[in-house]
Amino acid sequence: MNGERVESMPAAIPLRWRISTACLALAGATACAPGDAPEVEAEIVPTSVLFTGATVIDGSGEPSFVADVAVEGDRITFVGDASDAEVATRDTIALDGLLLTPGFIDMHSHITVISVGEASGLGAVEFLTQGITTGVIGVDGSSSTDLAGLYADLEESGVGKNIISYIGHGSVRGAVIGMDDRDPTAGELDEMKALVRQGMEDGAFGLSTGLFYTPGYYAEADEVIELGRVAAEYPIGGEHAPVYDTHDRDLGAAYQGIGYHDSIREAIHIGAESGLRTIFSHFNAQGAALYGRASEGAAIIDSARAEGLEVAGAQHVYTSTMSSLRAYTIPRWAQAGGPEQMVRRFQHPDTARVLDVQTMEMLEIRGGPEQIVFADARPEFNGKTLADVAAERGLPVPEAVREIMSGSNPWVMNRDLYDVENTRYLATMPWMMTCTDGATPAPGAEIVHPRVYGGFPKKIKDFVDRDGAIGLPFAIRSMSGLAADFLRLDDRGYIREGLVADIAIIDPERFTDRATYEDPHQLSEGVMHLLVNGRFAIRDDEVTGELAGRPLRRP
């Protein structure tokens, strides 16, 4: 049976050393009497588990091959023919017909890594069942400004997958000057630099921005460059430039934005001037006006790469986005100063009349209020469209928005903002990685974005299995080796001897997403075994509950 576990017997243990039968025992067991020590010819390959007969896709993008893979502790100790190499093992799992790949790296995620009331994402089950073993957080310019404290908490509590973080520009700016729409003073800029420096010293892999969001929106490029230069003082591994990860200003659906093309150029300029390597968060082209035009943005990135800049992107393959109602319906000028100032503007009749127009203009870019679906846990919102809620309240849509926003800022999805053809085209780019952009579901929220449950298998199902736009080794590379290379993780992302045993073992006949927009709380299926740092997070198709992840600090 696929995935069958076979306990090895002493007679089945092949040896690389000559040892008297009087001393023979299971790997690493009985000691010999003095004078009877074995004459060692070569080191045995010790292993706590041996996977045999796996179809290995190793993260390089090269074709698959059949091999046995051994793990001892948290390391891969052997890849090859175990019978020829005489690998000693205590536990053998036959994988005939199953895929063995590196654990996947989610390049942009929003896992809840602290407990908030009943909410905690520490188990990361939604991510693990997709084959994800490492997630990048601190994205969109939003991060902890005390990474040392966060990492200490994670090491104490445990976490289901490995965690990498950036230091977030928006969080840094907010901590120093709040939601003010202005440039920082020289003193404030120094305070912001100090927070970035502290974040990098605590182990951040770089600087992230959310220039589409407030307060990041209020920053000029020069401010971000100055902070990026501080991050650049902390190379990864002592020699590689850190990362500039950006949700750029305008993916095509920003209200009164700078435009799709100029937004890409601005991000590349910021990264280059800072001395950082640039990755675009969930890169795509938003809005019906840009359907079929993703190649234009890709061409700008290709041009920068041809000039020697390291620029890349990550994607999820859903057509819907998710953010806050405020981000999609309230112009940035009206948000300046924070929520209290925003609500005061709502109450001014002349300002409200301006917002009546501008809110509807913002929604028109996004397909109208019928395309805004609440993913908020409260039943009066959850699963309803903005048009539904406005009608229930007997209010025009802009007035309903202001009434809702006066007390909260619910999460919403924007349906069909992305075009499938754009997404498919971008999946073929050699620099395109994979992400979920998924947030830990809030307790009680019946309708959430399905990407948190299915982003990785859906990419394979849609673009490998269904239409063959990309090959399976190429897709796996986008989820593993390519991401590890970009992050300069020299001990993960591949199936190679000596690397950390983050390993996914997948039944290719069953690997699929199950979450839908209508019924999102459905775990993906088909991951038979998952090792995080050499420990089983999933074994025999069952989640073990092991919190085997760890924070990964910038080396």
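This is a predicted model: local features need pLDDT of at least 70, side-chain atom pairs count only at pLDDT 80 or more; totals for chains, interfaces and linings use all residues.
Which side chains meet in a salt bridge with an N to O distance of 2.8 Å?

**View 1. A salt bridge between Asp91 and Arg539.** The side chains of Asp91 and Arg539 come together in a salt bridge, for which the distance from N to O is 2.8 Å. Asp91 belongs to strand S5 (residues 91-94) and Arg539 to strand S21 (residues 535-539), so this pair ties together parts that lie 448 residues apart in sequence. When the whole structure is searched, 33 salt bridges are found.

**View 2. The packing of helix H8 against helix H15.** Helix H8 (residues 294-306) and helix H15 (residues 420-427) pack with their axes 9 Å apart and at an angle of about 30 degrees. Because angles under 35 degrees count as roughly parallel, this angle makes H8 roughly parallel to H15. On the side of H8 the contact is made by Ala294, Ser295 and Ala298, while H15 contributes Asn422, Tyr425 and Leu426. Sorted by class, the residues of this contact between H8 and H15 comprise four nonpolar and two polar ones, with no charged residues.

**View 3. The second largest pocket and its lining.** The volume of the second largest pocket is about 250 Å³, and 16 residues line this pocket. Of these lining residues, Tyr217, Tyr255, Gln256, Gly257 and Arg332 are the ones that lie nearest the centre of the pocket. The elements that give two or more residues to the lining are helix H10 (332-335) and helix H12 (349-365). In terms of residue class, the lining of the second largest pocket divides into 11 nonpolar, two polar and three charged residues.

**View 4. The cis peptide bond from Thr214 to Pro215.** The peptide bond that leads from Thr214 to Pro215 is cis, and its omega is near 5 degrees. Pro215 is placed in the loop between strand S11 (206-210) and helix H6 (221-231).

**View 5. The positive phi of Arg488.** Although Arg488 is not a glycine, its phi is positive, at about 60 degrees. Arg488 is found in the loop between helix H18 (481-487) and strand S19 (503-506).

Technical notes:
Residues are numbered from 1 along each chain as its sequence is written. Side-chain values use heavy atoms; hydrogens and water are left out. On a 1 Å grid over the protein atoms alone, a cavity is a set of points where a 1.4 Å probe fits but cannot get out, and a pocket is an open set with protein on both sides within 12 Å along at least five of seven lines; lining residues have an atom within 4 Å of a point. Grid points are joined across faces, edges and corners, and a volume is the space filled by probe spheres set on the points. Helices (H or I, at least four residues) and strands (E, at least two) are DSSP runs, numbered from the N terminus. Ala, Val, Leu, Ile, Met, Phe, Trp, Tyr, Cys and Pro count as nonpolar, Asp, Glu, Lys and Arg as charged, and the others, Gly among them, as polar. Axes are lines fitted to C-alpha atoms, for helices over the stretch in contact, and angles run from 0 to 180 degrees between N-to-C directions. Angles under 35 degrees count as roughly parallel, over 145 as roughly antiparallel, 65 to 115 as roughly perpendicular and the rest as oblique. Contact means heavy atoms within 4.5 Å. A salt bridge is a side-chain nitrogen of Lys or Arg within 4 Å of a carboxyl oxygen of Asp or Glu.
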